[in-house]
Each structure stands twice: as C-alpha cells, then as structure tokens.
Amino acid sequence: MSTSKHERVLLVGGGGREHAVARAVDRAQDATLYACASNRNPGIDALAEEYHLVEAETDPDAVVGVAQDVGATLAVVGPEAPLQAGVTDALDEAGIYAFAPKADEARIETDKRFQREFMRDEDIPGCPAFEAFEDADEAADYVASVDHDVAVKPRGLTGGKGVRVTGDQLTQSEAVDYVRESDYDEWVVEERLVGEEFTVQAFVANGSVRTSPAVQDHKRAYEGDEGPNTGGMGSYTDASFELPFMTGADYDAAVEVIEAVVEALPDYKGILYGQFMLTAEGPKVVEFNARFGDPEAMNTLPVLETDFVDLLRDARAGTELPELAFDAQATVCKYAVPDGYPTDPEAGAEVRIDEASAADVGAQLFYASVDARDDGIFTTTSRSFAVVGVADTIAAAEELAEAALAEAGEEGLRVRHDIGTADLVQSRIDHMNELRGE
C-alpha cells in the first residue's frame with residue numbers, strides 16, 4: 001500500500017450517490033472532505049470541511065478552481081455529465097488525481113453507439129445484436145420493419161430515462177412514434193434482452209479490477225414494475241456477492257466482461273459499472289456506466305470495509321488496487337420521490353426525517369435532491385432522499401428501510417414499497433427458473 005499522508009479529497013456532485021461517497025471518505029483515516037456541486041446537499045454539507053457551490057459541475061475551469069482553492073490532493077467525480085464535459089481531464093492536467101475516467105474513456109457510457117461498436121470490435125462478451133442510426137426517421141423505419149422486440153436508445157446521455165423497450169413498455173407502433181417525435185437524431189436499436197437485470201460496480205485503476213456485490217435496481221416508477229422509467233426507485237443486495245436469482249458462475253461471467261473491457265481500455269480509471277441482463281444463455285450487457293450507480297452506490301459503499309481513501313491513494317500511485325473487503329450483509333435501498341414523479345412532480349413537501357431519526361430505527365439516510373432552507377428541508381422535482389437498511393438478510397434489511405420510511409411519513413412523497421420484499425425477490429427467482437427451464 002502507498003505511503004499514507006493526509007489527503008484533501010474534493011467530491012464533485014451533490015446527489016444521493018455523492019452522499020454515499022462522502023460517507024466513505026469521512027470514514028477513512030487521514031482525509032478531509034471538500035465538496036463542489038451546483039446544489040447544496042445537506043448530508044454532504046454536514047460532512048465537508050467546505051462546500052463550494054458552482055453554477056455547473058460540467059464547467060471544468062470552475063471545478064479546477066475549487067480544487068486549487070481548497071488544495072485538493074485527490075478528487076472523485078460523481079455524476080456522468082461532468083465526465084463527458086472533461087472535468088476529469090482538467091483535474092488531471094492541473095495535477096490533481098481524479099478517480100474517474102477521462103472524457104474519451106467515459107464514452108463507454110456517454111456514447112451508446114461507441115459502446116456497442118467498441119464491444120463488437122474488441123470481442124467483448126455479452127454484446128446484443130444492434131444497429132446504429134444517424135437519422136431518427138431511418139431508425140423509426142427500422143423499428144417498424146423488424147419482426148422481433150427491440151430496445152430503442154438515444155445515442156447520448158438521457159439520465160436513465162431515454163430507453164424504451166417494445167413488448168414491455170410500449171408497442172412496436174408506439175416505439176416508432178417515440179423515435180420520430182423525440183428530440184434525438186442519433187439512435188441505437190438492439191435486440192430486446194429477456195431475463196433479470198443486475199449491476200456489478202468495479203473499482204478500476206492501473207489495470208486492476210476490484211468488483212463489489214451485485215445489485216438489482218428498479219427503474220420503473222410504480223410497484224410491480226409498472227409505469228415510466230426513472231433514475232432508479234431503489235435497489236437491493238444480498239449478504240453474498242450474488243443475488244438470490246443468480247449463481248456464482250453468473251457473477252463470474254459478468255466480472256469477466258468487465259475485465260475484458262478494462263483490458264481493451266488500459267488507461268481507464270475510476271468506477272466501471274456493468275449493467276447486465278441475466279438471460280437463459282447467461283449475462284448480456286444492457287449498458288456500461290462510467291461512475292457509481294445511483295442508487296447502487298448506496299448499497300455497496302455502506303458495506304465496504306476497505307479504506308476508500310487508501311484505495312484512491314493506490315490508484316494515484318500507479319500500483320495495484322487492494323483487494324476489497326465487504327461486510328457480509330444484505331442491503332435494501334428505497335427512494336422517496338415527490339408526488340407525481342417522474343412525469344409531473346410536485347415540489348415543496350417537507351422532509352420529516354433526518355440522519356439521526358433514520359439511525360434510531362437502524363437505517364441510513366442519504367439526501368439526494370432537496371431544498372435545504374432555514375425553516376426545514378423540502379422536496380424538489382427530482383428524487384428526494386433514500387433510506388438504506390443493512391442487515392444479515394434481505395428481509396431484515398427491508399424491514400429497517402421501511403421503519404425509516406415510516407418515520408418520514410408519506411405526505412407529498414411516494415415510495416416503491418415492494419423493493420426488497422420476499423414476494424418480489426421470489427418472483428425474480430421464479431422468473432429465472434422459468435427461463436432456464438428449471
């Protein structure tokens with residue numbers, strides 16, 4: 001391990017994912033946290049030595065200016081948009097090591113056409129059949145012509161809300177209309193993958209790949225996986241690296257995909273997040289992200305036993321990353337969102353829970369998009385806060401999350417209460433058994 005010194009760590013971003021990163025930095029030895037975001041997250045604010053508001057986290061000069069003002073020795077970039085904007089490149093050029101990919105490597109997330117063509121050209125396992133289009137009408141004509149279900153994806157970033165799947169969310173004709181009527185010109189259209197989704201987040205630097213427990217996120221807005229896609233309504237992990245509907249071999253196959261990507265992108269550093277569909281033939285790649293997931297970071301970072309800042313030091317030193325240790329506990333994360341989210345959200349409800357009252361019932365609270373005022377904390381039009389239960393079993397973790405939500409109340413808020421429940425988890429197991437003919 002590299003020589004320990006006191007680090008000044010700049011965290012870029014102000015959401016729930018970044019609150020989880022802030023907690024991991026705060027738990028570390030010999031580190032002081034500084035924050036830089038366009039919104040004030042009260043949870044991060046309470047942990048940071050200084051909190052600097054910037055007009056946009058996507059402004060490399062502004063972020064570098066904050067980093068230099070606070071004397072940052074390390075940086076962590078949370079959201080995807082600053083990666084695309086070259087914030088990591090600017091920090092690295094200024095001599096401040098950023099644990100995040102540069103804009104070129106971040107295209108694995110920010111450019112879906114690049115992602116698929118890279119997978120094809122580098123023979124990365126798990127790539128679905130796809131076609132890429134530079135014109136929306138051509139993409140729509142193709143969708144209309146095929147005799148199988150497809151996923152239609154705008155080429156660039158959409159905040160996790162741009163993908164539509166025929167045979168699941170909409171009909172073939174509705175998909176054609178969606179492509180034609182959207183504001184996007186460039187599209188990727190690929191075969192629909194049928195199975196159970198899961199995510200593996202890997203810490204990557206200097207060719208090292210260190211993976212964390214698999215997570216299942218829930219994108220759909222309403223219980224029973226109904227309604228439009230969201231940024232993620234909640235997620236869960238088991239006390240092992242696999243989820244209950246997976247085998248160890250399934251997890252290992254996903255890790256092999258991530259390792260193949262890193263071998264083909266030797267300069268990649270930061271988090272590489274693989275979102276997989278476990279099909280009857282094994283894991284296929286839904287997409288890659290170039291940063292922690294939100295909410296998935298709130299499942300994995302609370303159970304990370306390894307010193308997070310020591311890991312950053314080793315990445316900066318150019319050495320192998322340490323093997324990661326995680327508590328063998330399950331986690332359940334549930335987001336509280338404003339009424340009407342995501343289509344017509346209503347802001348202004350008071351958030352009636354804080355980190356202390358969540359801890360009193362055995363849960364952790366992570367603030368996301370909230371308006372912290374002198375007279376209280378209130379919802380905005382985005383996801384408000386997440387509660388996470390950590391326990392020996394998924395069922396016990398789910399009970400802790402629900403206890404925290406009971407403290408928060410339901411006025412002006414909505415939650416997917418089914419996440420992490422025994423019925424939902426069993427439905428995932430039954431689905432995979434059916435697909436595998438078991």
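**Entry 1: ground rules**

I am reading a predicted model, where local features need pLDDT of at least 70, side-chain atom pairs count only at pLDDT 80 or more, and totals for chains, interfaces and linings use all residues. I count residues from 1 along each chain as its sequence is written, and side-chain values use heavy atoms, with hydrogens and water left out.

I looked up an open sheet of four antiparallel strands, ordered 11-10-16-17. Strands are DSSP runs of E with at least two residues, helices are runs of H or I with at least four, and both are numbered from the N terminus. Two strands pair if DSSP finds at least two bridges between them.

Which strands stand at the edges? I found strand 11 (208-211) and strand 17 (282-289) there, each pairing on one side only. Neighbouring strands here are turned by 35° against each other on average, direction ignored.

I then followed strand 10 to strand 16 (residues 270-279): they run antiparallel and are joined by nine bridges. A handy place to look is V200, which stands opposite G274 in strand 16.

My next stop was another open sheet of four strands, in the order 6-9-7-8 and with antiparallel pairing. Strand 6 (130-133) and strand 8 (164-165) are its edges; each has a single partner strand, so one side of each has no neighbour in the sheet.

Strand 7 (residues 150-154) and strand 9 (residues 187-191) run antiparallel, with five bridges between them. I picked out A151, whose bridge partner in strand 9 is E190.

Helix 9 (residues 172-181) packs on this sheet and touches strand 7, strand 8 and strand 9. Contact means heavy atoms within 4.5 Å. The direction of helix 9 makes about 10° with that of strand 7. For such angles, axes are lines fitted to C-alpha atoms, for helices over the stretch in contact, and the range is 0 to 180 degrees between N-to-C directions.

How do helix 6 (residues 103-110) and helix 7 (residues 112-121) cross? Their axes come within 6 Å and cross at roughly 95°. That makes helix 6 roughly perpendicular to helix 7, a label for angles of 65 to 115 degrees.

On the helix 6 side I noted R107, I108, E109 and T110, and on the helix 7 side K112, F114, Q115 and F118.

How many cavities of 30 Å³ or more does a search of the whole structure find? I noted two. A cavity is a set of points on a 1 Å grid over the protein atoms alone where a 1.4 Å probe fits but cannot get out, and its lining residues have an atom within 4 Å of a point.

The largest cavity holds about 80 Å³ of space. Among its 13 lining residues, V76, V77, I271, R291 and F292 are the closest to its centre. Helix 1 (16-27) and strand 4 (74-77) each give two or more residues to this lining, and helix 1 gives the most, with three.

The second largest cavity has a volume of about 40 Å³. I listed its lining as E197, F198, T199, V215, Q216, D217, Q275 and E296. Here strand 10 (196-205) and strand 12 (216-217) give two or more residues, and strand 10 gives the most, with three.

Definitions and conventions. Angles under 35 degrees count as roughly parallel, over 145 as roughly antiparallel, 65 to 115 as roughly perpendicular and the rest as oblique. On a 1 Å grid over the protein atoms alone, a cavity is a set of points where a 1.4 Å probe fits but cannot get out, and a pocket is an open set with protein on both sides within 12 Å along at least five of seven lines; lining residues have an atom within 4 Å of a point. Grid points are joined across faces, edges and corners, and a volume is the space filled by probe spheres set on the points.
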